[in-house]
Amino acid sequence: LSQARYRPQGAAVGAPQTWMIPLCLSNGEQRICMLMESASAPAPLPNDTSPLVPNAGGAGYYRFHLDGYGWDRLISAPPSLPGREALAMADSIGADFSAGSLSFDRVVSAARSLSSNPVRLAAVELGTRLKALADFALEPGQLPDYRRLMLSICGPRLAALGFDPGPGAHAREDAGRQALRQSLVPLVALEGRDKKVREQLSAAAAAAVGGDTRADDTAFRGVALSVAVQERGVPFIRQLTDAMVKSTDPLFRAHASVALGAGDSPELARAALELATSAGMQPFDTLTIVISLSRQPSVRDLVIRHVNTNFDALMNVLPGFARTQMIRFYEGLCRKEDVDNVEKWVRPKLSALGGGELELEQAKEGIRLCVG
């Protein structure tokens with residue numbers, strides 16, 4: 001065994017450091033626990049045919065790295081791994097990839113394998129990380145392949161569970177099964193673009209916005225509204241905005257704000273940006289809409305141009321304490337030149353924002369890490 005500070009690609013190299021690390025490892029029926037106090041130490045495990053689990057029980061406060069053979073053996077095990085071990089494995093795989101030490105093919109293999117784990121967090125963790133990676137790193141032309149990949153990973157598990165967006169349709173199931181479905185539906189509908197699931201959600205959202213209070217379950221309303229924005233276009237965006245500004249339900253307003261930011265074409269993005277500061281919108285509605293749009297790879301550049309052109313108008317919508325949140329509009333950028341661009345765009349505005357030095361540096365660091 002050896003230990004070192006974890007460093008994702010793009011992060012500055014720190015001074016070498018060691019820790020006192022309580023750790024447990026398992027290898028089939030064999031399990032050992034030890035305190036690692038030096039940079040390296042032997043681990044007396046037998047040469048077993050079972051995969052090595054470097055964080056037995058998932059209780060250790062560390063990430064782990066294996067060689068390719070070790071990863072492949074562990075990746076084959078998730079259906080039988082306890083949930084905490086499977087989740088620790090997913091976290092370490094995502095971290096190893098971010099550090100440049102693991103191939104993308106192995107991340108995909110692990111995501112497929114983990115999707116069958118019975119524990120929700122373990123089953124969706126890598127799918128959620130793939131979504132985050134796509135939000136920041138993919139170009140529009142890569143999206144069709146990404147969507148096919150996500151559907152192939154998450155679609156079979158949702159299909160096995162079954163799905164009905166109607167209120168209470170799954171109420172008799174145990175809480176874990178319901179929660180897993182609620183986590184899978186956004187990945188299948190918004191990332192995988194499953195046609196049947198999107199048709200169900202879009203129809204339910206349209207009926208709900210039209211006044212049918214029994215059309216959809218609150219657990220799926222947010223994703224249903226987002227799908228309907230993408231499928232039904234500008235007319236639905238205007239209908240949803242009208243329903244939103246008339247509503248006194250804070251949960252509905254939150255769902256609607258995110259949905260208005262789900263527009264993934266220039267036409268939808270322009271309509272949402274126009275309505276984001278219209279009469280009846282509350283400051284955090286505006287903030288949520290624009291931040292959500294800035295995470296859409298296909299319209300990100302359009303949104304950034306809009307923000308730069310209308311910065312003062314957007315700033316004046318927000319209360320003083322929330323103005324530094326505008327820097328989050330730039331967090332989705334992922335090109336080397338964007339570090340200097342964000343500095344150029346935002347630095348002169350810090351005084352008007354009432355601060356934001358930390359947020360600016362965090363945004364720039366996020367871009368550096370994304371670029372790797």
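Student: How many of the seven residues of strand 1 are buried?
Tutor: Six of the seven are buried, so strand 1 is largely enclosed by the rest of the structure. Buried means under 20% relative accessible area, exposed over 50%, and partly exposed in between, with a 1.4 Å probe and protein chains only. Please note that this is a predicted model, in which local features need pLDDT of at least 70 and side-chain atom pairs count only at pLDDT 80 or more, while totals for chains, interfaces and linings use all residues. Residues are numbered from 1 along each chain as its sequence is written, and side-chain values use heavy atoms, with hydrogens and water left out.

Student: Which order do the strands take in the sheet?
Tutor: Three strands make an open sheet in the order 2-1-3, with antiparallel pairing. Strand 2 (30–36) and strand 3 (52–53) are the edge strands, each with a single partner, so one side of each lacks a neighbour in the sheet. Strands (E, at least two residues) and helices (H or I, at least four) are DSSP runs numbered from the N terminus, and two strands pair if DSSP finds at least two bridges between them.

Student: How many bridges join strand 1 to strand 2?
Tutor: Seven bridges join these antiparallel strands. Within the pairing, C24 is opposite C33 of strand 2, and N27 has Q30 as its bridge partner. The hairpin they form has two residues between the strands, and G28 there takes a positive phi near 70 degrees.

Student: And what about strand 3, over how many bridges does it pair with strand 1?
Tutor: Strand 1, residues 21–27, pairs with strand 3 over two bridges, again in the antiparallel sense. Here S26 stands opposite V53.

Student: Changing topic: which residue other than glycine has a positive phi near 55 degrees?
Tutor: R193 has that value. R193 lies in the loop between helix 6 (175–191) and helix 7 (195–209). As background, most residues other than glycine have a negative phi.

Student: Where is S80, then?
Tutor: S80 is in the loop between helix 1 (68–75) and helix 2 (83–98).

Student: Is S80 buried or exposed?
Tutor: S80 counts as exposed, at 62% relative accessibility. From C-alpha to C-alpha, S80 is 52 Å from V317 in space, and the two are 237 residues apart in sequence.

Student: On to helix packing: at what angle do helix 1 and helix 3 pack?
Tutor: Helix 1 and helix 3 (residues 104–114) pack at about 20 degrees, with their axes 10 Å apart. That makes the two helices roughly parallel. Axes are lines fitted to C-alpha atoms, for helices over the stretch in contact, and angles run from 0 to 180 degrees between N-to-C directions. Angles under 35 degrees count as roughly parallel, over 145 as roughly antiparallel, 65 to 115 as roughly perpendicular and the rest as oblique.

Student: Which residues make that contact?
Tutor: Helix 1 contributes G68, W71, D72 and I75, and helix 3 contributes R106, S109, A110 and S113. Contact means heavy atoms within 4.5 Å. By class, three of these residues are nonpolar, three polar and two charged. Ala, Val, Leu, Ile, Met, Phe, Trp, Tyr, Cys and Pro count as nonpolar, Asp, Glu, Lys and Arg as charged, and the others, Gly among them, as polar.

Student: How do helix 10 and helix 11 cross?
Tutor: The axes of helix 10 (residues 266–276) and helix 11 (residues 283–294) come within 9 Å and cross at roughly 160 degrees. The two helices are therefore roughly antiparallel. A269, A272, L273 and A276 of helix 10 meet T286, I289, V290 and L293 of helix 11. This contact has seven nonpolar residues, one polar and no charged.

Student: What is the makeup of the contact of helix 14 with helix 16?
Tutor: In helix 14, K336, D338, V339, V342, E343 and V346 take part, facing L360, E361, K364, I367, R368 and V371 in helix 16. These divide into six nonpolar, no polar and six charged residues. The axes of helix 14 (residues 336–346) and helix 16 (residues 357–371) come within 8 Å and cross at roughly 165 degrees, and the helices are therefore roughly antiparallel.
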